[in-house]
Amino acid sequence: MTMDTRNLLRHQIIKSLLAHHMAKGGGGAILLWEQLATQLISLIGEDGFVTLYDRSVVLAKAIFPWLELSAQPMQISHRFAELRSSLDGQSAAAANAANSLLLITFTDIIAALIGEEMSINTLHSAWGHVVDKQVKGQKNG
């Protein structure tokens with residue numbers, strides 16, 4: 001696969017997951033972040049994850065200025081409280097668009113650091129069978 005195809009695949013995975021989870025409200029979107037955080041923190045540590053997450057929020061705020069970035073260090077038990085609050089304060093469409101951009105921005109940064117193949121593997125580890133379906137669909141399409 002070419003780099004562009006893998007990039008597109010990663011974005012398709014995120015959009016597919018969000019379409020499914022946003023139907024559950026903001027909690028579904030937060031679940032995706034928690035699963036991704038669990039996987040990545042084991043690889044890059046809490047500080048590494050927070051740094052990349054904060055950078056993603058800063059970049060996404062250019063389009064969605066209502067996204068909150070906490071001035072306080074992220075607490076493990078309330079890691080995504082600001083994100084949940086930001087998303088809950090918007091329409092479902094706006095929340096979905098913002099979270100999609102945030103996840104895509106975050107995974108773009110990850111991909112730039114560790115490469116596409118490892119990024120897809122990380123998404124697979126975090127989100128499992130949904131990633132498998134997207135990858136199989138891409139190969140068959």
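# Briefing: salt bridges, core and helices of a predicted model

Arg10 and Glu116 form a salt bridge (a side-chain nitrogen of Lys or Arg within 4 Å of a carboxyl oxygen of Asp or Glu), and their closest N and O atoms are 2.6 Å apart. The two partners come from distant parts of the chain, with Arg10 in helix α1 and Glu116 in helix α5 (residues 116-127), 106 residues apart. Helices (H or I, at least four residues) and strands (E, at least two) are DSSP runs, numbered from the N terminus.

This is a predicted model, in which local features need pLDDT of at least 70 and side-chain atom pairs count only at pLDDT 80 or more, while totals for chains, interfaces and linings use all residues. Residues are numbered from 1 along each chain as its sequence is written, and side-chain values use heavy atoms, with hydrogens and water left out.

**Overall architecture**

- The protein chain contains six helices and zero strands, and its pattern along the sequence is α-α-α-α-α-α.
- Of the 141 residues in the protein chain, 41% are buried; buried means under 20% relative accessible area, exposed over 50%, and partly exposed in between (1.4 Å probe, protein chains only).
- Contact means heavy atoms within 4.5 Å. Among contacts between residues at least 6 apart in sequence, 72% join residues at least 24 apart.

**Salt bridges**

- The whole structure holds three salt bridges.
- Asp108 pairs with Arg10 in a salt bridge whose closest N and O atoms are 2.7 Å apart. This pair also links distant parts of the chain, as Asp108 is in helix α4 and Arg10 in helix α1, 98 residues apart.
- Asp108 is partly exposed, with a relative accessible area of 30%.
- A further salt bridge joins the side chains of Arg79 and Glu46 at 3.0 Å, N to O. Arg79 lies in the loop between α2 (26-60) and α3 (81-88) and Glu46 lies in helix α2, so the pair ties together parts that are 33 residues apart in sequence.
- Arg79 is buried, with a relative accessible area of 12%, whereas Glu46 is partly exposed at 23%.

- Thr105 belongs to helix α4 (residues 92-114) and is buried, with a relative accessible area of 11%.
- The side chain of Thr105 reaches the backbone oxygen of Leu101 at 2.7 Å. This is a polar contact, defined as a pair of N or O atoms within 3.5 Å; within protein, one must be able to donate a hydrogen and the other to accept it, and residues adjacent in sequence count only if both atoms are side-chain atoms.
- Beyond its neighbours within four places in sequence, Thr105 is in contact with Ser56 and Leu59.
- His11 sits in helix α1 (residues 3-22) and is buried at 16% relative accessibility.
- With residues up to four places away in sequence left out, His11 touches Ile104 and Asp108.
- His11 and Thr105 are 94 residues apart in sequence and 9.6 Å apart in space, C-alpha to C-alpha.

**Nonpolar core**

- A nonpolar core is a set of buried Ala, Val, Leu, Ile, Met, Phe, Trp, Tyr and Cys residues joined through side-chain atoms within 4.5 Å.
- The largest such core has 35 residues, of which Trp33, Leu36, Phe49, Tyr53, Leu83, Phe106 and Trp127 touch the most other members.
- Helices α1, α2, α3, α4 and α5 each give two or more residues to this core, and α2 gives the most, with 13 residues.
- Not counting residues up to four places away in sequence, Trp33 touches Phe49, Tyr53, Phe80, Leu83, Asn99, Leu102, Leu103 and Phe106.

- Helix α4 has 23 residues and reaches 32 Å from its first C-alpha to its last, close to the 33 Å expected; the expected span is 1.5 Å times one less than the number of residues.
- Gly115 follows α4 and has a positive phi, near 95 degrees.
- The 12 residues of α5 should span 16 Å, and the end C-alpha atoms of α5 are 16 Å apart, which agrees.
- The buried residues of α5 are Glu116, Ser119, Ile120, Thr122, Leu123, Ala126 and Trp127. They cover an arc of only 160 degrees around the axis, which puts them on the same side of α5; the arc is that of the directions from the helix axis to the C-beta atoms.
- Just after α5, Gly128 takes a positive phi of about 55 degrees.
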